[in-house]
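Please work through the following exercises with the sequence and the model side by side.

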Amino acid sequence: DIKLAGPSFVCLVMSVGLSVDYCVHICHGYIHGGGTTPVEKMEAGIKMMGAAVLKGASTTFLGVLVLSGASSAIFRMFFKLLFGTVLCGVVHGLFFAPILLMALDSLLRMVGVGGDGHGHSAVAPEK
């Protein structure tokens, strides 16, 4: 029941930023967390950045929770959009993004792109 108008587009733009932020944190942890295999890198990345993503999502949720009881329809609309964004962003960042990173890393290792058989990954920077 949210109509597309100026305020809802502003909220959607903010939502894109939040969703990208959660995924970028996990990707950063995957690349820089350590480990040689995709599974080790995923575990290290979640350990490195998972708590930060959860803390960011929970504080964002707490910040917009007060909008749920507002009398103004625009504030309730912001709450609905941001609540959905935080929920979807966290699920994507903590579950789907690591799986996709592992699958991509494994696939690139299998076809020989970027991996040299000595633990150097196709998605990790060279040192």
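This is a predicted model: local features need pLDDT of at least 70, side-chain atom pairs count only at pLDDT 80 or more; totals for chains, interfaces and linings use all residues.

**Exercise 1. Describe how α1 is placed relative to α2 and to α3.**

Solution. Two packed helices are described by the angle between their axes and the distance between the axes. Axes here are lines fitted to C-alpha atoms, for helices over the stretch in contact, and angles run from 0 to 180 degrees between N-to-C directions.

Step one concerns α1 and α2, which pack at an angle of about 150 degrees with their axes 7 Å apart. α1 and α2 are therefore roughly antiparallel to each other (angles under 35 degrees count as roughly parallel, over 145 as roughly antiparallel, 65 to 115 as roughly perpendicular and the rest as oblique). α1 passes α2 in a right-handed crossing; a crossing is left-handed if the near helix is turned anticlockwise from the far one by less than a right angle, and right-handed if clockwise.

Step two concerns α1 and α3, whose axes lie 8 Å apart at an angle of about 25 degrees. That makes α1 roughly parallel to α3, and the crossing of α1 and α3 is right-handed.

Leaving out residues up to four places away in sequence, Thr85 touches Ser15, Leu18 and Ser19, where contact means heavy atoms within 4.5 Å.

**Exercise 2. Locate the salt bridges and say which residues are linked in a network.**

Solution. The criterion comes before the search: a salt bridge is a side-chain nitrogen of Lys or Arg within 4 Å of a carboxyl oxygen of Asp or Glu. A search of the whole structure finds 2 salt bridges.

In one of them, Asp105 pairs with Lys41, the closest N and O atoms being 3.4 Å apart. Because Asp105 lies in helix α3 (residues 73-111) and Lys41 in helix α2 (residues 38-65), the pair ties together parts that are 64 residues apart in sequence. Both Asp105 and Lys41 are buried, and for Asp105 the relative accessible area is 0%.

Arg109 also forms a salt bridge with Asp105, with the closest N and O atoms 3.3 Å apart. These two residues stand 4 residues apart in helix α3, so about one helical turn separates them. Arg109 counts as partly exposed, at 27% relative accessibility. Taken together, Lys41, Asp105 and Arg109 are linked in a network of salt bridges.

**Exercise 3. Which residues does Phe61 touch, not counting residues up to four places away in sequence?**

Solution. Begin with the setting: Phe61 is in helix α2 and is partly exposed, with a relative accessible area of 25%. With the sequence neighbours left out as stated, Phe61 touches Phe79 and Phe83. Phe61 and Phe83 are 22 residues apart in sequence, and their C-alpha atoms are 6.4 Å apart in space.

The loop between α2 and α3 holds Gly69, which counts as exposed at 66% relative accessibility. The C-alpha atoms of Gly69 and Phe79, 10 residues apart along the chain, are separated by 9.2 Å.

**Exercise 4. How many helices and strands does the protein have, and what percentage of its residues count as buried?**

Solution. The protein has 3 helices and 0 strands (helices, H or I with at least four residues, and strands, E with at least two, are DSSP runs numbered from the N terminus). From the N terminus on, the elements run α-α-α. Of the 127 residues of the protein, 28% count as buried. Among contacts with a separation of 6 or more, 60% are accounted for by residues 24 or more positions apart.

Note on methods: Residues are numbered from 1 along each chain as its sequence is written. Side-chain values use heavy atoms; hydrogens and water are left out. Buried means under 20% relative accessible area, exposed over 50%, partly exposed in between (1.4 Å probe, protein chains only).
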